Amino acid sequence: MAGTAMSQLTQAHFLNGDLEKALECAKVSADIYKQRFGEEDAQSQEAAKNVELLTGALEQNSRAAAVTEEQLKQLKAIQEQARQQGGN
């Protein structure tokens with residue numbers, strides 16, 4: 001079944017560290033299960049939960065990357081300040 005194949009592909013992308021591709025596949029899988037079995041089906045609910053979890057993971061990664069970027073900017077500013085003070 002296409003839904004099962006997409007679920008397996010979701011897992012493969014997740015294990016490979018590609019959360020964006022995993023989310024894309026999870027959305028397709030969720031849509032397939034929802035159309036085929038309805039929203040109340042256990043597989044449909046599990047697929048929807050995967051979409052929710054992957055979306056949350058991507059959002060968390062994005063926030064963490066922003067924090068890391070800000071920390072790097074601060075570190076560079078401190079290093080530049082130290083260089084300037086050392087040159088005086």
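Which residues make up the largest nonpolar core? In this predicted model, local features need pLDDT of at least 70 and side-chain atom pairs count only at pLDDT 80 or more, whereas totals for chains, interfaces and linings use all residues. Residues are numbered from 1 along each chain as its sequence is written, and side-chain values use heavy atoms, with hydrogens and water left out.

The largest nonpolar core consists of nine residues: Leu19, Ala22, Leu23, Ala26, Ala30, Tyr33, Ala47, Val51 and Leu54. A nonpolar core is here a set of buried Ala, Val, Leu, Ile, Met, Phe, Trp, Tyr and Cys residues joined through side-chain atoms within 4.5 Å. Buried denotes a relative accessible area under 20%, exposed one over 50%, and partly exposed a value in between (1.4 Å probe, protein chains only). Two or more residues of this core come from each of α2 and α3, and α2 provides the largest share, six residues. Helices (H or I, at least four residues) and strands (E, at least two) are DSSP runs, numbered from the N terminus.

Leu54, a member of this core, is placed in helix α3. The relative accessible area of Leu54 is 7%, so the residue is buried. With neighbours within four places in sequence left aside, Leu54 is in contact (heavy atoms within 4.5 Å) with Thr10, Phe14, Leu19, Ala22, Leu23 and Ala26. Of these contacts, Leu19, Ala22, Leu23 and Ala26 are themselves listed in the core.

Tyr33, also in the core, is buried, with a relative accessible area of 4%. Apart from neighbours within four places in sequence, the contacts of Tyr33 are Met1, Gly3, Thr4, Ser7, Gly38, Gln43, Ser44 and Ala47. Rings of Phe, Tyr and Trp (its six-membered ring) are taken as a pair if their centres lie within 6.5 Å; planes under 30 degrees apart count as stacked, over 60 as edge-to-face and the rest as tilted. One aromatic pair is counted by this rule. The pair is formed by Tyr33 and Phe37 and is stacked, at 6.1 Å centre to centre and 25 degrees between the planes. Both residues belong to helix α2 (residues 19-37), where they are four residues apart, about one turn of the helix. Phe37 is partly exposed, at 34% relative accessibility.

Ser44 lies in helix α3 and is buried, with a relative accessible area of 4%. Residues up to four places away in sequence not counted, Ser44 touches Tyr33, Lys34, Phe37, Gly38 and Glu39; both members of the aromatic pair are among them. From C-alpha to C-alpha, Ser44 is 8.3 Å from Ile32, at 12 residues apart in sequence, and 15 Å from Leu54, at 10 residues apart in sequence.

Two further residues of helix α3 are Thr68 and Leu72. Thr68 is partly exposed, with a relative accessible area of 40%, and Leu72 is partly exposed at 46%. Thr68 and Tyr33 are separated by 35 residues in sequence and by 38 Å, C-alpha to C-alpha. Leu72 and Phe37 are likewise 35 residues apart in sequence, with 48 Å between their C-alpha atoms.

Pockets were identified on a 1 Å grid over the protein atoms alone. A pocket is an open set of points with protein on both sides within 12 Å along at least five of seven lines, in contrast to a cavity, where a 1.4 Å probe fits but cannot get out; lining residues have an atom within 4 Å of a point. The largest pocket has a volume of about 260 Å³, the volume being the space filled by probe spheres set on the points, which are joined across faces, edges and corners. Its lining comprises 14 residues, and Ser7, Thr10, Gln11, Glu46 and Asn50 lie nearest the centre. At least two lining residues are supplied by each of α1 (2-15) and α3 (42-86), and α3 gives the most, seven residues. The lining divides into six nonpolar, seven polar and one charged residue, where Ala, Val, Leu, Ile, Met, Phe, Trp, Tyr, Cys and Pro count as nonpolar, Asp, Glu, Lys and Arg as charged, and the others, Gly among them, as polar.
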